[in-house]
Amino acid sequence: ALILGENELERGVAALKPDDRGDDGRLLCGVHYRAPELIEGRRPDARSDVFSVGAIFYELLASRKPFPADTVTGVMFRIRHEDADPAALPPTDFSPGLEAVVVKALHRARGERYSSLEELRYDLVALVKEMAPRLAARKAGLSPEAATETAEEAPAEAPPEGASLHN
């Protein structure tokens, strides 16, 4: 885990929020975004990057870290042994699909995560394509049925191997 003291901050580390400090006042840089396999000392692969991106998505959506704790050890323990709380993700126009994508990206078991960022991207694009006609119809004051008919007419993109919006 990367832990920075005050003198490293003077060398240009970006300002971090106060909750990025542990009990001892040192910064907890990056540990919140590490995949379980990295914490366990196993080799990273593309799914490790998926986990990190999932943690960033979670934080952007929930306005909190997916595995909050006051110490590096606490964060690492939570990443290895607990699931991020999906209830902290606020409902959006893309619910529950968006939450499902984030939860899958943050799965502790590598084999249950997206195997690549391309697969994750595919599901996000598919979700937007699925929801866009409904959102446009709602904005235009049309019925949900009219939006569904419009969505069915749109051409589909071929998914990367292993990707599925419904996994």
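This is a predicted model: local features need pLDDT of at least 70, side-chain atom pairs count only at pLDDT 80 or more; totals for chains, interfaces and linings use all residues.
Ser 63 sits in the loop between H3 and H4, and its phi is positive, about 60°, although the residue is not a glycine. Most residues other than glycine have a negative phi, and most peptide bonds are trans. The peptide bond from Ser 95 to Pro 96 is cis, with omega near 0°, and Pro 96 has its place in the loop between H4 and H5.

Residues are numbered from 1 along each chain as its sequence is written, and side-chain values use heavy atoms, with hydrogens and water left out.

Now the overall layout. The secondary structure of the chain comes to seven helices and two strands, these being DSSP runs numbered from the N terminus, H or I of at least four residues for helices and E of at least two for strands. Along the sequence, the pattern reads β-α-β-α-α-α-α-α-α. Of the 167 residues in the chain, 31% are buried. If we take contacts, meaning heavy atoms within 4.5 Å, between residues at least 6 apart in sequence, then 63% of them join residues at least 24 apart.

Let me turn to the helix packing. Two packed helices are described by the angle between their axes and the distance between the axes. Here the axes are lines fitted to C-alpha atoms, for helices over the stretch in contact, and the angles run from 0 to 180 degrees between N-to-C directions.

Helix H3, residues 46–62, packs with helix H6, residues 117–140, at an angle of about 40°, and their axes are 9 Å apart. That makes H3 oblique to H6, given that angles under 35 degrees count as roughly parallel, over 145 as roughly antiparallel, 65 to 115 as roughly perpendicular and the rest as oblique. On the H3 side the contact is made by Asp 49, Val 50, Val 53 and Phe 57, and on the H6 side by Leu 117, Leu 120 and Leu 124. These residues divide into six nonpolar, no polar and one charged, where Ala, Val, Leu, Ile, Met, Phe, Trp, Tyr, Cys and Pro count as nonpolar, Asp, Glu, Lys and Arg as charged, and the others, Gly among them, as polar.

For H5 and H6, the packing angle is about 175° and the axes are 10 Å apart, which makes H5 roughly antiparallel to H6. Gly 97, Leu 98, Val 101 and Ala 105 of H5 meet Leu 120, Asp 123, Leu 124 and Leu 127 of H6, and this contact divides into six nonpolar residues, one polar and one charged.

How enclosed is H5 by the rest of the structure? Seven of its nine residues are buried, so H5 is largely enclosed, and what covers those buried residues includes H3 and H6.

Next, the cores, by which I mean sets of buried Ala, Val, Leu, Ile, Met, Phe, Trp, Tyr and Cys residues joined through side-chain atoms within 4.5 Å. The largest nonpolar core has 14 residues, and those with the most contacts inside it are Phe 51, Tyr 58, Phe 67 and Leu 106. H3 and helix H4 (72–81) are the elements that give two or more residues to this core, and H3 supplies the largest share, four residues. A second, separate core of five residues includes Val 101, Ala 105, Tyr 114 and Leu 120.

Finally, Arg 113, which lies in the loop between helix H5 (97–105) and H6. Is Arg 113 buried or exposed? Arg 113 is buried, with a relative accessible area of 4%. Its side chain reaches the backbone oxygen of Arg 47 at 2.9 Å, and a polar atom of that side chain lies 2.7 Å from the backbone oxygen of His 107. Not counting residues up to four places away in sequence, Arg 113 also touches others, including Ala 35, Pro 36, Glu 37, Val 50 and Phe 51.

Technical notes: Buried means under 20% relative accessible area, exposed over 50%, partly exposed in between (1.4 Å probe, protein chains only). A polar contact is a pair of N or O atoms within 3.5 Å; within protein, one must be able to donate a hydrogen and the other to accept it, and residues adjacent in sequence count only if both atoms are side-chain atoms.
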